[in-house]
Amino acid sequence: MKAVVCTDFERAEVREVPTPSPGPEEVLIAVDRVQLSVTECLLYRGERVAHYESVATRLAEGDARLFGHEFCGRIVEAGEAVDGFDVGDRVYAPEKIRCGSCPYCRSGRSGLCPETTSVGYDRPGALAEYVRLPTGPLRRLPEGVSDAEGAALQPMASATLCAVDAEVGPGDTVAVLGTGVMGFQCGALASSFGAEEVYAVDVRDRSLGIAADCGLTPVDARAVDPVETIREATDGVGPDVVFEAVGGDQDHASEGEDPIAWAFDLVRRGGTVVQVGHISGELSVTPRVARSKAIRWLNPRKGVVPLSPRTDTSELAARRVASGAVPIGEYVTHELPGLESFEEAVEITVEKGRHDALGPAQLVVGDG
Ligand SMILES: [Zn+2]
């Protein structure tokens, strides 16, 4: 099969490699689509973000099959002990591979397992014609989810967990700071969970337009002070929940112009600030500010969490996409042919503004 092989940071080529055989509890998936994450692209360029150590170690050991955890495909072979999945199922991978033996896993809290195996970092991912995986991280794609949406569904499953953990409810007022992929999804989900009003703050016409089309209230931070504007619109009280979905380099949580400082300033007393994006490096905070307003600063869980005996956050995410409530396909703006487009996909995904991209670039791998 063909696969992207990384020979160093910023060096990759498409090579012929052996097609893997699934173990007894594994399946072989023919990859239809794969999209890159920003983290993967930054790692490829050698930046010290999450997973840097494991990527650097693998590259130091020699050529490495890296990246590709956001994908969709079809099961073409199943090991003899596989239960619950069949050849022909369309799947994606919203869950981590849990260790199964740590105190968290043994006590029914596997979502907090510190010993996860990450697809694309610790073992080969879907930047190939086929990927071999255990079934633990996989979920089936429902009818009505396209390949483009399927490859973009893993971040949507994470966004669903953000909105669930935020406990957004009927009548709530919500603000989203930054309507990139996950910020937009958190806003649209909050609306579908019954929020009365959702303010979507951004500086790009296109994402503000998509937010408005979904019934969110766009706030153009180039034209107005978003904190003042939303505070005024909420009778001086502020939103019940604020999603900070910009992340990146920020310095101070309670002073200045960083989005996290806006979130702390804007949220109502006793409200919730949800950390959606990863803030890199160190962040200063004056704890008194958060304490005196009784702010709940929430770091959501990851992976997949059960919601009832019949559904979990990954299934809810897929159904919200299939129903059109959260049109994640709007953010798939660049679809490139074949694994050979990997370098171009990295460039587009990192330099979205320059390429007029809203979400990560996707590679069309299979014939669908
Ligand atoms: Zn564990």
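Two strands are taken to pair if DSSP finds at least two bridges between them. Helices (H or I, at least four residues) and strands (E, at least two) are DSSP runs, numbered from the N terminus.

Good morning. The structure under discussion is a predicted model: local features need pLDDT of at least 70, side-chain atom pairs count only at pLDDT 80 or more, and totals for chains, interfaces and linings use all residues. Residues are numbered from 1 along each chain as its sequence is written.

I begin with the domains. The assignment for the protein chain gives domain 1 (2-152 + 332-364) and domain 2 (157-298); such bounds come from an automatic or database domain assignment. The centres of domain 1 and domain 2, taken over C-alpha atoms, are separated by 29 Å. Five residues from domain 1 and six residues from domain 2 form the contact, where two residues are in contact if their C-beta atoms, placed from the backbone, lie within 7 Å. On the side of domain 1 that touches domain 2, there are four nonpolar residues, one polar and no charged. In this classification Ala, Val, Leu, Ile, Met, Phe, Trp, Tyr, Cys and Pro count as nonpolar, Asp, Glu, Lys and Arg as charged, and the others, Gly among them, as polar.

Next, strands 3, 4 and 5. Strand 3 (residues 26-35) runs antiparallel to strand 4 (residues 70-78), and eight bridges join them. Val 31 has Gly 73 of strand 4 as its bridge partner. Strand 4 also pairs with strand 5 (residues 90-92), in the antiparallel sense and over two bridges. Which residue of strand 5 is the bridge partner of Arg 74? That partner is Arg 90.

Six strands with parallel pairing follow the order 10-9-8-11-13-15. Strand 10 (217-220) and strand 15 (296-298) are the edge strands, each pairing on one side only. From one strand to the next, the twist averages 20°. For angles, axes are lines fitted to C-alpha atoms, for helices over the stretch in contact, and values run from 0 to 180 degrees between N-to-C directions.

Within this sheet, strand 8 (residues 173-177) and strand 11 (residues 241-244) pair in the parallel sense over four bridges. Leu 177 has Glu 244 in strand 11 as its bridge partner. Two helices pack on the sheet here. Helix 6 touches strand 8, strand 9 (197-202) and strand 11, and its direction makes about 170° with that of strand 8. Helix 9 (residues 259-266) touches strand 8, strand 11 and strand 13 (272-275), and its direction makes about 175° with that of strand 11.

The remaining topic is helix packing. Angles under 35 degrees count as roughly parallel, over 145 as roughly antiparallel, 65 to 115 as roughly perpendicular and the rest as oblique. A crossing is left-handed if the near helix is turned anticlockwise from the far one by less than a right angle, and right-handed if clockwise.

Helix 5 (residues 153-165) packs against helix 6 (residues 181-192) at an angle of about 50°, with the axes 9 Å apart. Helix 5 is therefore oblique to helix 6. The crossing of this pair is right-handed. Residues in the contact include Pro 155, Met 156 and Ala 159 of helix 5, and Met 182, Cys 186 and Leu 189 of helix 6. By class, the contact of helix 5 with helix 6 has ten nonpolar residues, three polar and no charged.

Helix 5 also packs against helix 11 (residues 313-322), at an angle of about 110° and with the axes 8 Å apart. Helix 5 is therefore roughly perpendicular to helix 11. Here too the crossing is right-handed. Among the residues that meet are Leu 153, Met 156 and Leu 161 in helix 5, and Leu 316, Ala 317 and Val 321 in helix 11. That contact divides into nine nonpolar, three polar and no charged residues.

Finally, helix 8 (residues 226-233) and helix 9 pack at an angle of about 20°, their axes 10 Å apart. These two helices are therefore roughly parallel to each other, and their crossing is right-handed. Pro 226, Val 227, Ile 230 and Arg 231 in helix 8 meet Trp 262, Asp 265 and Leu 266 in helix 9. The contact of helix 8 with helix 9 has five nonpolar, no polar and two charged residues.
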